[in-house]
Amino acid sequence: MNAPAPHTEKAAAGVRGFLGWRVVFIAFLAQLLSNTVTLSSFGVFLEPLTETFDKSVGELSRAMSIVFVVMGLSGPILGQFLDRGYARVIMPLGAAVAGGGLILMSRVEAFWLFGLLYCSVVAIGAAGFGPIPSSSLVANWFVRKRGLALGIAVAGATIAGAVGPELAAYWIENQGWRAAIFYFGLLALGLGVPAFAFGAIGRPELVGQLPDGEPVPDATDGEAVTGEAIPETSELARDPRLWMLAVGFGLIFTSPIVMTLVGIPFGRELGFSAQEAARFFTAMVPFSLFGKIAFGALADRIPPHAAIWGLVLTNLAVWALLYLEPSYPLFVATGALYGLGIGAAMPLFGVILGRCFGRLAFGRAQGLGGLATLPLVAAAPAIAGALYDATGTYRTAFLMQLALLFFGGVLLSFVRIPGDEPAETPAPAPA
């Protein structure tokens, strides 16, 4: 089947140069903003919210799980529109919805309404410009350099992990939590809406270009029309590779979720101060950024299964070192190794997804696969917590992670990935 006609935007007169790297910056900004206003700063708000609403940390923490679920369930719907080239509509609309929801949250007095706004309006809005739209955007603009481009884009989420809590803490300390949430809403509205409306171009063909900046033959109407064949959504759903990839990488993606939960408490268990334990994540950040970009570029060049086992073995080494109860210097060094390992996961997932299903089905494949990934990611921290309650040690959770990573790698080993033949190349426009 040929690709459906996308949402058409005539190329602006005088547009020069490949716009793909500008789109990568927009995707980077989307990852940065979506993580900053929803997830990365969540922990900073727990104490003031428990005091204001007289709720427990557990009750408030359930909101994050609900947000994960809502964002995951929205994936298949978003994928349908993203594969038709509507990123320039969906992303600014999502930023507007999330920003408006945050501003309303800063004003409400009832806890039920506060939670409803966060878990529905803000979650749905953030999904509209978060990981799935931003990754699909980049995947549509790059084939040969997809890993590098995705690595740069998802680095925004890593930076959000450092920037979001700092901003939230500063505003809370100086003006209170309501002002902090209000300012996050303004960020989404004032920065996200215009940036995405201007720069989130769903496909290069919409502005007369081709992926990776390939030369465009003369076209009678000024646009390059793709002739690539793409699978129907029903075909994607029946393809076992999609579900094997989703479950395999889902098992790997449990690693950062559980590490966020147990990293600092385990450091405290080893006798380190809270500040010393936090340096595990401080060491992680620069190496995670490096891992995303360097491994993303490498994933474009090496056989996919070799890349998968490089990723799995690196992460296995992290949990094994923690299980051995390292000294403080080795504990911090393990944080750096963890940054390298987990930083490589998202770019590699995007490269393999693109190789298997092509850029014009990338959004739907990512959205559908998220339905299988979601239960794994949501359940892992709860199981890790239950294991600690039952055994009194975090080392049992580390054994769980070793098993999940190993089985994830084994499952991915059975996926047939087009890695030996050249990656997909764009079809030239008809003269």
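A quick sorting rule comes first: Ala, Val, Leu, Ile, Met, Phe, Trp, Tyr, Cys and Pro count as nonpolar, Asp, Glu, Lys and Arg as charged, and the others, Gly among them, as polar. What you see is a predicted model, where local features need pLDDT of at least 70 and side-chain atom pairs count only at pLDDT 80 or more, while totals for chains, interfaces and linings use all residues. Residues are numbered from 1 along each chain as its sequence is written, and side-chain values use heavy atoms, with hydrogens and water left out.

**Empty space**

Rolling a probe the size of a water molecule over the atoms shows where empty space is left. On a 1 Å grid over the protein atoms alone, a cavity is a set of points where a 1.4 Å probe fits but cannot get out; a pocket is an open set with protein on both sides within 12 Å along at least five of seven lines; and lining residues have an atom within 4 Å of a point. Grid points are joined across faces, edges and corners, and a volume is the space filled by probe spheres set on the points.

How many cavities of 30 Å³ or more does a search of the whole structure find? The search turns up one. The largest cavity holds about 40 Å³ of space, and its lining divides into five nonpolar, three polar and no charged residues. Among the lining residues are Ser 135, Leu 150 and Gln 366. Helices here are DSSP runs (H or I, at least four residues), numbered from the N terminus. H15 gives the most to this lining, with four residues.

The second largest pocket has a volume of about 280 Å³. It is lined by 21 residues, and the closest to its centre are Phe 42, Leu 49, Met 105, Phe 114 and Tyr 118. That lining splits into 16 nonpolar, three polar and two charged residues. Helices that supply at least two residues each include H1 (20–38) and H9 (177–199).

**Charged partners**

A salt bridge is a side-chain nitrogen of Lys or Arg within 4 Å of a carboxyl oxygen of Asp or Glu. The whole structure has six of them, including these:

| Pair | Closest N to O |
|---|---|
| Arg 359 and Glu 205 | 2.2 Å |
| Asp 239 and Arg 241 | 2.9 Å |

Buried means under 20% relative accessible area, exposed over 50%, and partly exposed in between (1.4 Å probe, protein chains only). By that rule, Asp 83 and Arg 364 are both buried, and so are Arg 359 and Glu 205. Why does Asp 239 count as buried? Because its relative accessibility is 16%. Arg 241, at 21%, counts as partly exposed.

Most residues other than glycine have a negative phi. Asp 212 is not a glycine, yet its phi is positive, about 65°. Asp 212 sits in the loop between H9 and helix H10 (233–238) and is buried, with a relative accessible area of 13%. Glu 325 also has a positive phi, near 55°. You'll find Glu 325 in the loop between helix H13 (304–323) and helix H14 (328–343), and its 42% relative accessibility makes it partly exposed.
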